Amino acid sequence: MFSTFNTLMVIIVLEVICCLYSLTLAYLSDKKFSKVLNVLMAAIWAIAAILNVVGF
């Protein structure tokens, strides 16, 4: 899908940053629903990053 290795690396790095950001928000959140939602979003970003590494 992507023709260059650099483009793929940028996408993977951005996905990892989003994952870490979601985990940080989950840690700093004081409501349980927000914690669960942010951990779920972090898991989705992590799965997307793993699929990009494995798939390409």
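Modeller: Start with a cut-off: a residue is buried under 20% relative accessible area, exposed over 50%, and partly exposed in between. Bear in mind that this is a predicted model.

Biologist: Why is Tyr21 called exposed?

Modeller: Tyr21 has a relative accessibility of 54%. Exposed means over 50%, so Tyr21 counts as exposed. Tyr21 lies in helix H1, and its C-alpha is 9.7 Å from that of Met41, 20 residues apart in sequence.

Biologist: Why is Val16 called partly exposed?

Modeller: The value for Val16 is 38%.

Biologist: Why does Ser22 count as buried?

Modeller: Ser22 has a relative accessible area of 7%. Buried means under 20%, so Ser22 is buried. Its place is in helix H1.

Biologist: What does Ser22 touch, leaving out residues up to four places away in sequence?

Modeller: Ser22 touches Asn38, Met41, Ala42 and Trp45. For touching, heavy atoms must be within 4.5 Å. As for Met41, the C-alpha atoms of Ser22 and Met41 are 6.4 Å apart, and the two are 19 residues apart in sequence.

Biologist: Why is Cys19 called buried?

Modeller: Its relative accessibility is 12%. The limit is under 20%, so Cys19 counts as buried. Cys19 is in helix H1. Not counting residues up to four places away in sequence, Cys19 touches Ala42, Trp45 and Ala46. Cys19 and Ala46 are 27 residues apart in sequence, with 6.1 Å from C-alpha to C-alpha.

Biologist: How do you know that Asn52 is buried?

Modeller: Asn52 has a relative accessible area of 12%. That is to be set against the limit of under 20%, so Asn52 is buried. Asn52 sits in helix H2, residues 32-55. Apart from neighbours within four places in sequence, Asn52 is in contact with Leu8, Ile11, Ile12 and Glu15.

Biologist: What makes the pair of Glu15 and Asn52 a polar contact?

Modeller: Their side chains come to 3.0 Å. The distance limit for a polar contact is within 3.5 Å, and one atom must be able to donate a hydrogen while the other accepts it. The pair therefore counts as a polar contact. A polar atom of the Glu15 side chain also lies 3.2 Å from the backbone nitrogen of Ala49.

Biologist: Where is Glu15, and which residues does Glu15 touch, not counting those up to four places away in sequence?

Modeller: Glu15 is in helix H1, residues 5-28. It touches Trp45, Ala48, Ala49 and Asn52.

Biologist: Why is no salt bridge assigned to Glu15?

Modeller: A salt bridge needs a side-chain nitrogen of Lys or Arg within 4 Å of a carboxyl oxygen of Asp or Glu. For Glu15 the nearest side chain of opposite charge is Lys35, 25 Å away. Glu15 therefore has no salt bridge, although Glu15 is buried.

Biologist: Which residues form the nonpolar patch on the surface?

Modeller: The patch is formed by Met9, Val10, Val13, Leu14 and Ile17, with about 430 Å² of accessible area together. One of them, Val10, lies in helix H1.

Biologist: How many helices and strands are there in the protein, and how many residues?

Modeller: The protein has two helices and zero strands. Of its 56 residues, 20% are buried. Its accessible surface comes to about 4,400 Å², and 77% of that belongs to carbon and sulfur atoms.

Key: Residues are numbered from 1 along each chain as its sequence is written. This is a predicted model: local features need pLDDT of at least 70, side-chain atom pairs count only at pLDDT 80 or more; totals for chains, interfaces and linings use all residues. Side-chain values use heavy atoms; hydrogens and water are left out. Buried means under 20% relative accessible area, exposed over 50%, partly exposed in between (1.4 Å probe, protein chains only). Lys and Arg count as positive and Asp and Glu as negative; His and the chain ends are not counted. Patches are made of residues with over 30% relative accessible area and no salt bridge: like charges are joined within 9 Å, nonpolar side chains (Val, Leu, Ile, Met, Phe, Trp, Tyr) within 5 Å. Accessible areas come from the Shrake-Rupley method with a 1.4 Å probe; for residues, only the protein chains shown count as cover.
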